[in-house]
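Please keep the sequence and the model in view while reading.

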Amino acid sequence: MTDDDTAPDPGTALRVRVNGAVHELQVPGRLSLADALRERLHLTGTHLGCEHGVCGACTVLVDDRPVRSCITLAAACDGSDVVTVEGLAGPVADAVREAFAAEHGLQCGFCTSGMLMTAVDVVTRRPDATPDDIRHELGGNLCRCTGYVNIVRAITRAAADLGTITADAGTAVTIGGRA
Ligand code: FES
Ligand code: FES
């Protein structure tokens with residue numbers, strides 16, 4: 001409790017790497033990571049749907065783990081490495097994007113940035129995931145258009161394609177394109 005609870009929030013210093021670039025920001029303690037990305041850094045590829053941690057449209061990677069950025073405080077990401085859909089790069093991301101296009105894994109596209117982030121995580125972590133596994137992994141990402149069938153096909157295809165790509169290239173797979 002302070003003497004004056006109506007005093008403006010002086011903010012918190014935040015140093016965060018986003019898509020490979022380091023940013024130093026002063027953020028209100030209650031600012032969400034989603035709002036920091038969209039309003040401070042103009043990375044509007046991260047979408048906001050429910051803003052309650054339910055729909056997964058706002059999913060980004062923080063230190064290689066998918067998180068819902070609408071319920072993650074920006075200040076809690078101090079020192080973290082964040083990847084948004086704008087920063088997805090590398091063989092996993094390429095395979096996932098190409099598979100979503102080939103399998104028609106989107107319609108309106110509103111859920112797609114969050115779906116891609118989750119898909120990259122799934123393909124990286126569980127390259128042998130079955131369609132049932134993928135459906136389970138997608139439990140935190142809602143899509144109102146596709147019925148999920150083509151999204152599951154796309155993730156399955158990306159994992160299969162990536163197996164071919166990495167076997168051909170003999171390279172290790174990295175999430176979000178980072179070594
Ligand atoms: S907008 Fe974050 S989970 Fe829906
Ligand atoms: S493609 Fe429209 S919500 Fe998923």
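The sections below move from the overall fold to the sheet and then to the domains.

## Basis of the description

This is a predicted model, in which local features need pLDDT of at least 70 and side-chain atom pairs count only at pLDDT 80 or more, while totals for chains, interfaces and linings use all residues. Residues are numbered from 1 along each chain as its sequence is written, and chains are lettered from A and ligands numbered from 1 in the order in which they are written.

## Overall fold

The protein holds five helices and five strands, where helices (H or I, at least four residues) and strands (E, at least two) are DSSP runs numbered from the N terminus. Read from the N terminus, the order of these elements is β-β-α-β-β-β-α-α-α-α. The radius of gyration is 17 Å, close to the 16 Å of the globule rule for 179 residues, so the protein is as compact as a globular protein of that length; the radius is taken over C-alpha atoms, and the rule is 2.2 Å times the number of residues to the power 0.38.

Along its principal axes, the C-alpha trace spans about 60 × 35 × 25 Å. Of the 179 residues, 41% are buried, a residue being buried if 20 or more other C-beta atoms, placed from the backbone, lie within 10 Å of its own.

## The sheet and a helix across it

The five strands form an open sheet in the order β2-β1-β5-β3-β4, with mixed pairing; two strands pair if DSSP finds at least two bridges between them. Because β2 (21-27) and β4 (65-68) stand at the edges, each with a single partner strand, one side of each is left without a neighbour in the sheet.

Strand β3 (residues 59-62) runs antiparallel to β4 and is joined to β4 by four bridges, and Leu-61 has Pro-66 as its bridge partner in β4. Helix α3 (residues 112-125) lies across β3 and β4, at about 40° to β3, with axes fitted to C-alpha atoms, for helices over the stretch in contact, and angles running from 0 to 180 degrees between N-to-C directions.

## Two domains

The domain assignment, whose bounds come from an automatic or database source, gives domain 1 (12-84) and domain 2 (88-168). Their centres, taken over C-alpha atoms, are 22 Å apart.

In domain 1, 13 residues are in contact with 11 residues of domain 2, contact meaning that the C-beta atoms of two residues, placed from the backbone, lie within 7 Å. On the side of domain 1 that touches domain 2, β3 gives the largest share, three residues.

Notes:
A residue is buried if 20 or more other C-beta atoms lie within 10 Å of its own, exposed if 12 or fewer, and partly exposed in between; C-beta atoms are placed from the backbone.
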